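Please consult the sequence and the three-dimensional view alongside the text.

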Amino acid sequence: MFGFIKRKRKNETVPATAETISPETTNLAQSPSDASSVALKEEKPAELSQSDPSPSNSGPADLNQALEKTKRSFSDGMADFLLGKKSIDSSVLDELETRLLSADVGIDATTTIIDELQNNISRKTINDVDALQAKLAEIMKTILQPCELPLDTGTAKPFVILVVGINGAGKTTSIGKLAHHFIQQGKSVMLAAGDTFRAAAVEQLQQWGQRNNVPVVSQGTGADPASVIFDAVQSASSKNIDIIIADTAGRLHTQDNLMEELAKIKRVLGKIDANAPHETLIVMDAGFGQNALHQVQQFHDSIGLTGLAVTKLDGTAKGGILFSIANTLNLPVRFIGVGEGINDLRPFNAAEFVDALLE
Ligand SMILES: Nc1nc2c(ncn2[C@@H]2O[C@H](COP(=O)(O)OP(=O)(O)O)[C@@H](O)[C@H]2O)c(=O)[nH]1
Ligand SMILES: [Mg+2]
């Protein structure tokens with residue numbers, strides 16, 4: 001955010017100084033293996049055709065660039081504002097506060113940041129813009145650090161990841177990127193098409209399977225998601241696959257029958273391995289800002305989440321939502337999505353994120 005303040009300040013003469021949906025939920029009593037009499041289809045990975053219009057396979061999006069919109073909402077006009085300042089006074093903090101709020105950092109995290117800066121200014125440990133920037137980065141990293149808990153998939157085999165969230169959040173796309181991420185680590189991956197609500201959803205996952213050259217287990221549209229995922233995990237087990245990632249249909253936290261369907265999937269998986277799913281990962285669209293926090297909390301209360309993937313940070317000025325997440329949800333941010341391409345998902349790193357934001 002202050003990167004170009006520095007550039008502007010090269011001409012400065014007076015430096016600032018301090019003074020200052022799915023199919024209806026089916027009967028759980030039905031044995032999942034009964035349900036598996038529905039034809040199980042395991043898409044063998046196929047080579048991609050040249051004409052496949054897959055999202056860019058280019059290198060990872062540059063984090064600085066991906067966060068451009070959020071950075072702009074912080075920094076537009078901030079440089080000019082600070083240039084006129086001879087000291088870091090309360091008006092600087094007021095301005096910063098407004099910008100943090102507009103980037104959706106949230107009231108609690110913003111208050112923490114501003115209070116901490118104010119204390120340092122009062123104690124005269126911040127005397128200029130550079131010191132302000134350094135302290136700001138330090139405080140922001142401290143807030144985000146507790147969310148940085150990388151997903152360890154080595155604790156079970158197959159390690160089962162159940163992906164949930166509302167429609168359009170980026171679940172299926174993130175599963176495709178996740179498969180790529182794990183393959184890069186030398187792991188074997190299988191996908192389960194648990195979004196049986198629309199045929200297109202199964203096809204979308206199959207395409208990601210092809211791009212990654214990994215098998216996709218599916219049944220027909222309208223099949224019971226719990227049985228699809230159950231069968232997939234059994235298949236992964238027999239094939240010695242390291243990681244299975246299960247897609248689910250999008251749903252709202254208010255749709256009780258759909259939330260019950262997720263609970264059912266978890267119960268059914270528990271019959272194979274008491275600890276499965278080993279990760280219940282919610283995918284959240286960063287662009288939804290504060291509204292998404294409530295939704296995530298409701299999912300958590302209903303089915304118990306273990307991690308978050310925050311997508312579309314490239315498409316929003318609300319990237320500050322990560323700070324609200326850190327302050328209000330007691331959940332690890334496993335990954336962030338910064339574009340539509342196969343490489344555009346990265347493990348969340350608090351320091352890297354803050355540095356990119358303040359660059
Ligand atoms: N720009 C951007 N688009 C994304 C990202 N993640 C997903 N999308 C797009 O969001 C749309 C919905 O994604 P999809 O995976 O189908 O959502 P689902 O309904 O939750 O499965 C698609 O057009 C994706 O390409 C991201 O990190 N950045
Ligand atoms: Mg989907």
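What percentage of the 359 residues in the protein chain do buried residues make up? Buried residues account for 46% of them, where a residue is buried if 20 or more other C-beta atoms lie within 10 Å of its own, exposed if 12 or fewer, and partly exposed in between, with C-beta atoms placed from the backbone.

## Basis and overall make-up

This is a predicted model, in which local features need pLDDT of at least 70 and side-chain atom pairs count only at pLDDT 80 or more, while totals for chains, interfaces and linings use all residues. Residues are numbered from 1 along each chain as its sequence is written, and chains are lettered from A and ligands numbered from 1 in the order in which they are written.

The protein chain contains 15 helices and 9 strands; these are DSSP runs numbered from the N terminus, with helices (H or I) of at least four residues and strands (E) of at least two.

## The nonpolar core

In soluble globular proteins, nonpolar side chains tend to be buried together. The largest nonpolar core here has 98 residues, a core being a set of buried Ala, Val, Leu, Ile, Met, Phe, Trp, Tyr and Cys residues joined through C-beta atoms within 7 Å. Helix H11 (residues 225-238) gives the most to this core, with 7 residues.

Ala246 is one of the residues with the most contacts inside the core, a group including Leu191 and Ile244. Leaving aside neighbours within four places in sequence, Ala246 is in contact with Val160, Ile161, Leu162, Val163, Ala192, Gly194, Ile229 and Ala232 (contact: C-beta atoms, placed from the backbone, within 7 Å).

## The surroundings of ligand 1

Ligand 1 is surrounded by 19 residues, the closest being Gly170, Lys171, Thr172, Thr173 and Gly337 (near: a C-beta atom, placed from the backbone, within 6 Å). Helix H9 (residues 171-184) gives the most to this shell, with 3 residues.

By class, the shell has 3 nonpolar, 11 polar and 5 charged residues. Ala, Val, Leu, Ile, Met, Phe, Trp, Tyr, Cys and Pro count as nonpolar, Asp, Glu, Lys and Arg as charged, and the others, Gly among them, as polar.

## Backbone features in loops

A cis peptide bond joins Lys157 and Pro158, with omega about -5 degrees; Pro158 is found in the loop between helix H8 (129-144) and strand S2 (159-164). Ala276 and Pro277 are also joined by a cis peptide bond, with omega about -5 degrees.

Lys312 has a positive phi of about 60 degrees although it is not a glycine. Lys312 counts as buried because it has 25 C-beta neighbours inside 10 Å.

Methods: Contact = placed C-beta atoms within 7 Å.
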